[in-house]
Amino acid sequence: MSPTVGNAITDRLWGTMNHTHGAAIQLPRKTPMRVEPKSFFALERTFLSWIGMAVTLGGVSSALVGFTGGDEDSGRLISGTTINIVTCIYAPLSILIMVYALFTYEWRSRSMKKKLVGFVEDKVGPVTVAVLVLITLIVIFFISLVDYL
């Protein structure tokens with residue numbers, strides 16, 4: 001992929017002067033952009049909410065490990081092997097969400113500290129994470145259903 005195509009794709013996703021409607025007629029700023037302190041707090045709040053979701057998924061993954069002990073014929077609805085598979089699906093998803101939250105926080109924080117004029121919204125990340133969580137839940141549902149039947 002050439003640099004021009006890569007830039008066109010990222011420009012289209014995150015918006016720049018070339019692909020943002022009306023940005024071409026905007027005059028350049030003569031004074032530095034002022035970043036409100038509440039913006040930094042909102043950034044931290046968003047980061048903590050993403051980390052909270054990742055910790056919840058990691059906690060569920062860790063708690064499920066406790067259900068695998070004991071006999072296989074202990075009257076459980078789902079076998080220990082299925083619980084281990086679910087744990088192996090949830091743990092990497094939790095780590096992936098934490099890494100996404102960290103990189104997004106650093107990217108937005110760097111943009112705010114440099115007072116860059118631009119867009120800091122992420123159009124791809126939340127949708128990607130939501131789709132991954134949905135796919136994970138569907139896979140876990142079908143694995144558990146096959147194990148139960």
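**Entry: helix H4**

I began with H4, which has 24 residues and reaches 34 Å from its first C-alpha to its last, close to the 34 Å expected at 1.5 Å a residue. The expected span of a helix is 1.5 Å times one less than its number of residues. Helices (H or I, at least four residues) and strands (E, at least two) are DSSP runs, numbered from the N terminus.

I noted that this is a predicted model, where local features need pLDDT of at least 70, side-chain atom pairs count only at pLDDT 80 or more, and totals for chains, interfaces and linings use all residues. Residues are numbered from 1 along each chain as its sequence is written, and side-chain values use heavy atoms, with hydrogens and water left out.

Which residues of H4 are buried? I found Gly-125, Val-129, Thr-136, Ile-140 and Ser-144. Buried means under 20% relative accessible area, exposed over 50%, and partly exposed in between (1.4 Å probe, protein chains only). The cover over the buried residues of H4 includes H2 and H3.

**Entry: helix H2**

I checked the length of H2 next. It runs over residues 37-65, and its 29 residues should span 42 Å at 1.5 Å a residue; the end C-alpha atoms are 42 Å apart, which agrees. Its buried residues are Leu-43, Trp-50, Ala-54, Leu-57, Ser-61 and Leu-64. Among what covers them are helix H3 (80-113) and H4.

**Entry: the whole chain**

I counted 4 helices and 0 strands in the protein chain, in the pattern α-α-α-α along the sequence. Of its 149 residues, 22% count as buried. The chain exposes about 10,600 Å², and carbon and sulfur atoms supply 68% of that. Accessible areas come from the Shrake-Rupley method with a 1.4 Å probe; for residues, only the protein chains shown count as cover.

I also looked at contacts (heavy atoms within 4.5 Å). Of those in the protein chain with a separation of 6 or more, 70% are between residues 24 or more positions apart.

**Entry: aromatic pairs**

How many aromatic pairs does the structure hold? I found 3. Rings of Phe, Tyr and Trp (its six-membered ring) pair if their centres lie within 6.5 Å; planes under 30 degrees apart count as stacked, over 60 as edge-to-face and the rest as tilted.

Phe-47 and Tyr-105 form a tilted pair, 4.8 Å centre to centre with 35° between the planes. Phe-47 lies in helix H2 and Tyr-105 in helix H3, so this pair ties together parts that are 58 residues apart in sequence. Phe-47 is partly exposed, with a relative accessible area of 21%.

Phe-141 and Phe-142 make an edge-to-face pair, at 5.4 Å centre to centre and 70° between the planes. Phe-142 is partly exposed, at a relative accessible area of 49%, and Phe-141 lies in helix H4 (residues 125-148).

**Entry: surface patch**

I then found both Phe-141 and Phe-142 in a nonpolar surface patch, along with Leu-134, Ile-138, Leu-145, Tyr-148 and Leu-149. Together these residues have about 780 Å² of accessible area. Patches are made of residues with over 30% relative accessible area and no salt bridge: like charges are joined within 9 Å, nonpolar side chains (Val, Leu, Ile, Met, Phe, Trp, Tyr) within 5 Å. A salt bridge is a side-chain nitrogen of Lys or Arg within 4 Å of a carboxyl oxygen of Asp or Glu.

**Entry: two single residues**

I placed Pro-92 in helix H3. Its C-alpha is 10.0 Å from that of Ala-54, 38 residues away along the chain.

Arg-34 sits in the loop between helix H1 (3-14) and H2. Arg-34 is exposed, with a relative accessible area of 59%.
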